[in-house]
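Reader: Could you walk me through this one slowly? I have not looked at it before.

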Amino acid sequence: MPGSVQSIERAAAILRLLGGAPGPLGVTELAEALGLAKGTTHGLLRTLHRVGFVEQDGTGGKYRIGTALLDLGSGPLDLNELRSHAINWADPLAARTGFAVRIGALQAGAVIVVHHVFRPDDTQQKLDVGSSLPAHATALGKALLAYAPNASVVLAKGLPPYSHRTITDPRDLRDTLDRVRERGWAAEVEEMTVGQAGIAVPIRGYGGLVVGAIGVSGAVDRVCDPGRRPRTALVNRVRDAARAVSRDLQND
């Protein structure tokens with residue numbers, strides 16, 4: 001059987017982004033969300049525009065779903081599907097690292113926890129499945145916001161502090177999200193809860209679309225080195241798990 005066609009997967013990812021966005025999106029926003037070059041993204045958009053699958057905004061040149069696809073079912077990945085693929089990798093990650101593991105997706109500007117694996121110890125823990133976490137103050141949230149084309153909507157709603165280390169300035173958060181895109185993973189150190197830190201990596205579906213994130217969290221001195229930097233070995237463990245889940249999603 002022939003393999004998948006990458007350009008079609010990428011075009012489908014663009015349509016999903018446009019279908020789920022609150023308004024038209026520009027080439028730069030789409031390129032950043034998918035991790036593609038602007039030239040590649042623009043070429044895909046030209047083709048989609050030519051066949052009527054996208055339309056261009058007359059004022060700013062941004063794009064939206066075209067009339068040929070008004071009935072497109074272009075919502076985000078079903079959360080149960082995300083969980084079913086991630087669960088096989090989340091449990092081993094918790095066992096190997098000794099940390100709690102969470103799988104999250106971005107909905108209405110917040111992180112929804114779709115799967116939670118407890119730390120493999122005897123301490124009392126609370127199940128977070130179904131709970132909502134602030135996107136700007138968590139590693140999971142930053143891993144998702146970095147690739148969300150409507151991240152500006154979240155920033156516009158305000159960034160309330162949860163500790164003295166929470167990022168509350170939109171410019172600082174934008175700089176942080178730029179670094180997340182550069183290195184491919186996100187971290188937070190005492191931004192949500194004093195004494196706690198986390199690492200998260202985005203999960204990608206068809207066409208490179210970010211559909212969720214997987215992350216670990218625990219005590220700062222265990223997640224980070226003496227310089228309060230996330231431990232490289234732990235980052236690599238989370239990245240490996242994220243890649244495995246992404247492969248499962250893309251090969252389903």
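Reader: Where is Thr 97 found?
Author: Thr 97 is found in helix α4, which covers residues 79-97; helices here are DSSP runs of H or I with at least four residues, numbered from the N terminus. This is a predicted model, in which local features need pLDDT of at least 70 and side-chain atom pairs count only at pLDDT 80 or more, while totals for chains, interfaces and linings use all residues. Residues are numbered from 1 along each chain as its sequence is written, and side-chain values use heavy atoms, with hydrogens and water left out.

Reader: Is Thr 97 buried or exposed?
Author: Thr 97 counts as buried because its relative accessibility is 12%, where buried means under 20% relative accessible area, exposed over 50%, and partly exposed in between, with a 1.4 Å probe and protein chains only.

Reader: And what does the side chain of Thr 97 reach?
Author: The side chain of Thr 97 reaches the backbone oxygen of Leu 93 at 2.7 Å, and a polar atom of that side chain lies 3.2 Å from the backbone nitrogen of Phe 99.

Reader: Which residues does Thr 97 touch, leaving out those up to four places away in sequence?
Author: Thr 97 touches Val 216, Arg 222, Leu 234 and Arg 237, with contact meaning heavy atoms within 4.5 Å.

Reader: OK, what about α4 and α9, at what angle do they pack?
Author: Helix α9 covers residues 232-251, and α4 packs with α9 at an angle of about 155°, their axes being 9 Å apart; the axes are lines fitted to C-alpha atoms over the stretch in contact, and angles run from 0 to 180 degrees between N-to-C directions. That angle is why α4 is roughly antiparallel to α9, given that angles under 35 degrees count as roughly parallel, over 145 as roughly antiparallel, 65 to 115 as roughly perpendicular and the rest as oblique.

Reader: Which residues meet there, in α4 and α9?
Author: Among them, Trp 89, Leu 93 and Thr 97 are on the α4 side, and Leu 234, Arg 237 and Val 238 are on the α9 side.

Reader: Switching topic, how do α2 and α3 cross?
Author: The axes of α2 (residues 27-34) and α3 (residues 38-50) come within 9 Å and cross at roughly 115°, and the two helices are therefore roughly perpendicular to each other.

Reader: Last one, is Asn 80 buried or exposed?
Author: Asn 80, which is also found in helix α4, counts as exposed at 59% relative accessibility. Asn 80 and Ser 163 are 83 residues apart in sequence and 32 Å apart in space, C-alpha to C-alpha.

Key:
Polar contact = N/O pair within 3.5 Å; in protein donor to acceptor, adjacent residues only side chain to side chain.
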